Amino acid sequence: RVDTASALRCSAPKPISRTACHDTAMAQPPPCAIHQWSGPRSMSTATMYAWHSRGDTTCVDEPLYAHHLRESPDVFRPYRAELLAAHPSEGAAVVRHVLLREYPTSLVFFKHITKQVVNLDMQWVAAPGLRHVLLVRHPLRMLVSFGSSVPWLPPEKATLDELSLPQLAAMHAKLTELCAHPPVVVDADDLASNPEGTLRALCAELGVEFSPKMLAWPAGPKPCDGLWAKEWYASVHKSSGWNSEKTSRAYRALPKESFPVLRAALPFYEYLRAFAIKPHAAEVPKAERTIVDHGIVRTLAPEARNLDLLVWVGPPGKGQLLPRELARVSVFDSAVQGGDAVWEGIRVYRGKVFKLERHLRRLRDSAKMMAFSNVHSSAEIREAVF
């Protein structure tokens, strides 16, 4: 147990005797422990402060950090030696004595950076009383955030591994496989633009009562901050709550060296974003729920069967079926740039396509009249349809 009540509200993991780690039996998990997994520069510390502000929650900041550094000797951190000396670095011991220990508060919140899970048996994530949250952020926002408070890690040196998005996708699969409750996915942009609606939705998913105290906190360091806070937390220490204007619109130029990382990271973000919870209905912007079809405002996907559609997208010979949320046309496509496109609307009756060959012939004739080159063959279109 933590010795003093003042440390209970928000507490960084304390040093643990390595000898004692092997002699003490595994403690029972707390009645409701929330484990948040994210990459760096994802508003994860602000989220920790929100839970700390409730007054009924013990918060623990990156308890697997020392384990990560021990298992990754090539990773540079200016505080490496200090951290390894101050915190337990054996992952299994951290699981037993920090993650699965008893805490006297009704809630416990653990903030994790997902890449810190290295060479560690993860069966513990399915222990009773544990719930898991994945906090994701658009990789462009993550990349431009590097260097704003960590000059020794500028955007051009931020790798795909640093962003932790591949590890987050793998963690989502692992948690879905092992846990009784699927992980709750939260997009940081939703937190920035609609903090109350998003936090209410998150609390509802977790079965925890929302507290308005989660929307604000005093500026400055917190007792739960890890010793690395002096390097990473300068901007969040200046905050006193969710500042949507500053958070959602703070863009800087992206170095050319970062574009390969951005391109590699985006598919992982898009995959996870598809699972993200929506802010409470009253808070969801209307534009996200409707489309304008020939001047008529219609509800987006009103028919439930249309939610899980596959759309064929791609040039001749390279097309592929994609879920509707991943199907898109480049803004540089001539249909967007010049408004030149051809299309056919084909009806299906009793499971049979009506007059397919005539429709295909008319479609190709229209493309020829528009002088389109590189047009799909009728065989390719049939493959896309069937």
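**Reading the model**

Tutor: Let us begin with valine 186, which is found in strand β5 (residues 184–187); please keep in mind throughout that this is a predicted model.

Student: Is valine 186 buried or exposed?

Tutor: The general idea is to compare the relative accessible area with a cut-off, and buried means under 20%. Valine 186 has a relative accessible area of 3%, and therefore counts as buried.

Student: Which residues is valine 186 in contact with, leaving aside its neighbours within four places in sequence?

Tutor: With those neighbours left aside, the contacts of valine 186 are Val133, Leu134, Leu135, Val136, Leu191, Thr198, Leu202 and Ile277. For leucine 202, the separation from valine 186 is 16 residues in sequence and 7.7 Å in space, taken from C-alpha to C-alpha.

Student: Which residues line the largest cavity?

Tutor: Valine 186 is one of them, and the lining also includes Gln36, Thr47, Val133, Leu135, Leu191, Leu199 and Leu202. The count comes to one cavity of 30 Å³ or more, and about 30 Å³ of space lies in the largest cavity. At least two lining residues come from each of β4 (130–136) and α10 (195–206), and by class the lining has six nonpolar, two polar and no charged residues.

Student: How should I read a residue in a loop, and where is methionine 122 found?

Tutor: A loop residue can be read in the same way as one in a strand. Methionine 122 is found in the loop between β3 (107–113) and β4, and because its relative accessible area is 11%, methionine 122 is buried. Leaving aside neighbours within four places in sequence, methionine 122 is in contact with Trp37, Val117, Met171 and Leu178, while its C-alpha atom is separated by 8.5 Å from that of lysine 174, 52 residues apart along the chain.

Student: How is the packing of two helices described?

Tutor: Two packed helices are described by the angle between their axes and by the distance between those axes. Here helix α8 (residues 165–178) and helix α14 (residues 259–273) pack at about 35°, with their axes 8 Å apart, and α8 passes α14 in a left-handed crossing. On the α8 side the contact is made by Leu165, Pro166, Leu168, Ala169 and His172, which meet Ala265, Phe268, Tyr269, Tyr271 and Leu272 in α14; these residues divide into nine nonpolar, one polar and no charged.

Student: How much space lies in the largest pocket, and which element gives the most to its lining?

Tutor: About 1500 Å³ of space lies in the largest pocket. Of its 37 lining residues, the closest to the centre are Trp312, Gly314, Val342, Leu363 and His376. The elements giving two or more residues to this lining are β8 (310–313), α15 (334–337), α16 (356–369) and α17 (378–385), and α16 gives the most, with six residues. By class, the lining of the largest pocket has 25 nonpolar, six polar and six charged residues.

Student: What does the secondary structure of the chain come to?

Tutor: The chain has 17 helices and 11 strands, and 44% of its 386 residues count as buried. Of the contacts in the chain with a separation of 6 or more, 75% are accounted for by residues 24 or more positions apart.

How values were computed:
Residues are numbered from 1 along each chain as its sequence is written. This is a predicted model: local features need pLDDT of at least 70, side-chain atom pairs count only at pLDDT 80 or more; totals for chains, interfaces and linings use all residues. Side-chain values use heavy atoms; hydrogens and water are left out. Axes are lines fitted to C-alpha atoms, for helices over the stretch in contact, and angles run from 0 to 180 degrees between N-to-C directions. Helices (H or I, at least four residues) and strands (E, at least two) are DSSP runs, numbered from the N terminus. A crossing is left-handed if the near helix is turned anticlockwise from the far one by less than a right angle, and right-handed if clockwise. Contact means heavy atoms within 4.5 Å. Ala, Val, Leu, Ile, Met, Phe, Trp, Tyr, Cys and Pro count as nonpolar, Asp, Glu, Lys and Arg as charged, and the others, Gly among them, as polar. On a 1 Å grid over the protein atoms alone, a cavity is a set of points where a 1.4 Å probe fits but cannot get out, and a pocket is an open set with protein on both sides within 12 Å along at least five of seven lines; lining residues have an atom within 4 Å of a point. Grid points are joined across faces, edges and corners, and a volume is the space filled by probe spheres set on the points. Buried means under 20% relative accessible area, exposed over 50%, partly exposed in between (1.4 Å probe, protein chains only).
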